Amino acid sequence: MNIQKILLGAGKMLWLPALVIAAWWVLSGTSENFYFPPLSKIFEKIIFQATEGALWENILFSMINFTIGFVVAGIAGILFGIVLGSLRRIRVAVSPLLDFMRSMPQIALVPVVIMAFGIGPEPKAFLIGFICFWPILLNTIDGVRGLNPQLLEVAKAYRIPYPVYLMRMVLPATLPAIMTGMRIAIGLGVVMMVVSEMYSSTRGIGFYILQSQESYRITDVWAGTIVIGLLGYLISVGFVAVERYLLAWYYQVERRRLRKRPARAAAETAAAPPVRNPASEHAKARLTADKDSEVVVATRKGV
Amino acid sequence: MSNHTSDTLYVEGLSKTYGEGSTAHEVLSDVSLEVHPQELVSLVGPSGAGKTTLLRCLSGLLEPTSGRVRLGDRPVSKPIEDIAVVFQDYRGSLMPWMRVAENVTFPLQGKGVAKAERDHRAQEALEAVGLGDAGNKYPWQLSGGMQQRVAIARGLAYEAPILLMDEPFGSVDAQTRFDLEDLTLRLRRELGITIVLVTHDIDEAVYMADRVVVLGGRPTRVLETIDVGLGDDRDQIGTKENHLFAELRSHVLNQVRHNPAI
């Protein structure tokens with residue numbers, strides 16, 4: 001790709017956001033309203049906080065909590081997900097518990113956890129990890145359960161050792177589902193990151209917003225809010241890049257499959273369930289609550 | 001690649017029943033057959049006759065309800081390293097996240113083969129199936145027929161003397177199918193592999209085999225075992241015009257027709 005094409009591509013994607021920002025800048029330019037300061041003033045505030053204030057320190061604090069929570073949740077979610085996905089008995093036994101934990105709004109845990117473990121960074125990382133854990137776990141379980149049974153046949157016929165089967169066959173085959181879970185987890189994790197700091201903290205970007213609000217520094221509130229937005233956006237963009245890289249094979253297979261005549265692709269979907277369709281994947285991601293049929297059945301029994 | 005065996009594969013009084021009690025469904029009943037070293041035996045029968053069930057028992061993937069499978073005097077109650085399987089669905093059996101060469105060498109890790117030897121064997125096996133330059137590609141970059149050749153190469157690199165093929169050419173177009181049939185016959189001639197081929201295609205069963213085992217009835221049993229006296233050199237046009245081929249084909253077709261499985 002040459003520079004011209006890249007610029008053209010970027011232009012096609014960025015003209016609308018640029019227009020929105022420009023409109024905001026111009027329309028708020030002469031604003032006297034206390035609650036809606038001019039964008040230029042907010043922008044100046046961000047620069048000031050970044051150069052002379054504690055902006056970077058706050059971002060670092062928040063991001064370390066987020067990273068620790070997300071990574072630990074990712075590892076735990078994948079490990080438990082593969083075990084629970086593979087072993088039906090254990091899955092049935094823990095499903096009522098899983099169902100309860102998942103249905104409960106995890107934000108409600110913030111007071112308990114912070115009251116019990118203090119306002120330092122560890123309880124915050126824990127809360128972020130806790131909220132990220134569930135979608136990763138549930139999507140991993142779902143991914144393992146949706147594996148093509150042929151995979152296990154191949155592993156058995158060629159006497160692949162079980163740990164190798166899990167690491168080199170099950171894990172990559174489940175990765176599309178795991179990534180879907182992680183994408184949901186990122187959104188939830190960022191919310192928890194901000195909420196846990198707003199509840200009580202001495203540092204962090206959420207704390208900065210709340211503190212500014214309490215002392216009526218509205219421009220700072222806006223600055224913090226915009227920084228949070230940018231942060232969330234950058235995390236998502238970074239994750240999508242990682243996902244594209246790790247799942248390059250998957251997107252290639254999908255594209256080739258969909259390029260064929262629709263009827264044939266549909267027939268193949270019916271014949272080979274593990275080849276996932278991004279549309280249904282997306283739908284599934286949104287319907288996390290309904291996906292694990294066993295869990296749902298178990299709940300009904302419980303009721 | 002050394003793919004020789006001197007052991008005969010025996011199936012003795014094998015039965016398989018799925019389910020229990022009133023819902024029990026007997027699929028295979030008292031199936032006995034032998035596959036001699038370097039022989040190509042076709043198992044042919046109508047759809048639903050339990051051909052795949054029989055093949056899974058042969059490979060040790062499925063435990064029979066009664067009877068047994070043995071190779072020489074070793075029981076085959078679980079998969080053994082002397083038997084490689086080529087599955088019908090190459091999409092499900094090759095791993096799209098691994099390059100072709102890795103797909104071929106992957107099972108060798110479990111066998112404890114060193115890296116250099118693995119790579120050497122993969123290259124050799126891929127060359128044998130005419131894909132010597134495809135090692136660095138991904139399976140999905142290849143056509144269906146080529147993917148099935150990769151699956152065959154994986155079996156070859158595994159150096160199992162016995163190759164079990166479950167409708168291996170069922171998902172490719174007719175021309176590719178003929179090419180794969182001839183490729184399989186050539187590999188067998190060159191490497192001396194023993195092959196058990198499961199198919200519902202009667203032409204293919206007769207064209208490929210030294211012996212055809214006709215399966216049918218309800219539950220499925222061996223209806224007949226036919227020696228195919230067509231010699232070692234088969235040709236898609238010549239052999240199929242041969243009157244002996246036509247006779248065998250009609251004979252097998254009659255057997256299958258008069259003993260439907262369902």
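Q: In what order do the four strands of the open sheet in chain B lie?
A: This is a predicted model, so take what follows as a reading of a prediction. The sheet is open and its strands pair in the antiparallel sense. Strand E2 (25-35) and strand E5 (74-75) stand at the edges, each with a single partner strand, so one side of each has no neighbour in the sheet. Reading across, the order is E2-E1-E4-E5.

Q: Which residue of chain B stands opposite B:Arg74 in E5(B)?
A: E5(B) pairs with strand E4 (residues 66-71) of chain B. That pairing is antiparallel and runs over two bridges. Opposite B:Arg74 you'll find B:Leu71.

Q: How many of the six residues of strand E8 (residues 194-199) of chain B are buried?
A: Let's take the strand one face at a time. On one side, B:Thr194, B:Val196 and B:Val198 are buried, and on the other, B:Ile195, B:Leu197 and B:Thr199 are buried too. Both faces are covered. E8(B) is therefore largely enclosed by the rest of the structure, and the count of buried residues is six of the six.

Q: Which residue of E8(B) is the bridge partner of B:Leu40?
A: Strand E3 (residues 40-44) of chain B pairs with E8(B). The two run in the parallel sense, over five bridges. The partner of B:Leu40 in E8(B) is B:Ile195.

Q: And which residue stands opposite B:Val198 in E8(B)?
A: Here the strand to look at is E7 (residues 162-166) of chain B, joined to E8(B) by five bridges. E7(B) and E8(B) run parallel. Opposite B:Val198 stands B:Asp166.

Q: Are H9(A) and H10(A) roughly parallel or roughly antiparallel to each other?
A: Helix H9 (residues 205-214) and helix H10 (residues 218-246) of chain A have axes 8 Å apart. They pack at an angle of about 160°, and H9(A) passes H10(A) in a left-handed crossing. An angle over 145 degrees counts as roughly antiparallel. So the two helices are roughly antiparallel.

Q: How many nonpolar residues does the contact of H9(A) with H10(A) have?
A: From H9(A), the residues taking part include A:Ile205, A:Tyr208 and A:Ile209, and they meet residues of H10(A), among them A:Val221, A:Val227 and A:Ile228. By class, the contact has four polar residues and one charged, and the nonpolar ones number six.

Q: Is the crossing of H8(A) and H9(A) left-handed or right-handed?
A: The axes of helix H8 (residues 162-199) of chain A and H9(A) come within 7 Å and cross at roughly 50°. That makes H8(A) oblique to H9(A). Residues that meet here include A:Met193 and A:Met198 in H8(A) and A:Phe207 and A:Leu210 in H9(A). As for the hand of the crossing, it is right-handed.

Q: How many residues of chain B are in contact with chain A, and how many of chain A with chain B?
A: On the side of chain B that touches chain A, helix H2 (90-93) and helix H3 (100-110) of chain B each supply at least two residues. That side divides into 11 nonpolar, five polar and three charged residues. The contact brings together 19 residues of chain B and, from chain A, 19.

Notes
Residues are numbered from 1 along each chain as its sequence is written. Chains are lettered from A and ligands numbered from 1 in the order in which they are written. This is a predicted model: local features need pLDDT of at least 70, side-chain atom pairs count only at pLDDT 80 or more; totals for chains, interfaces and linings use all residues. Two residues are in contact if their C-beta atoms, placed from the backbone, lie within 7 Å. Ala, Val, Leu, Ile, Met, Phe, Trp, Tyr, Cys and Pro count as nonpolar, Asp, Glu, Lys and Arg as charged, and the others, Gly among them, as polar. Axes are lines fitted to C-alpha atoms, for helices over the stretch in contact, and angles run from 0 to 180 degrees between N-to-C directions. Angles under 35 degrees count as roughly parallel, over 145 as roughly antiparallel, 65 to 115 as roughly perpendicular and the rest as oblique. A crossing is left-handed if the near helix is turned anticlockwise from the far one by less than a right angle, and right-handed if clockwise. Two strands pair if DSSP finds at least two bridges between them. A residue is buried if 20 or more other C-beta atoms lie within 10 Å of its own, exposed if 12 or fewer, and partly exposed in between; C-beta atoms are placed from the backbone.
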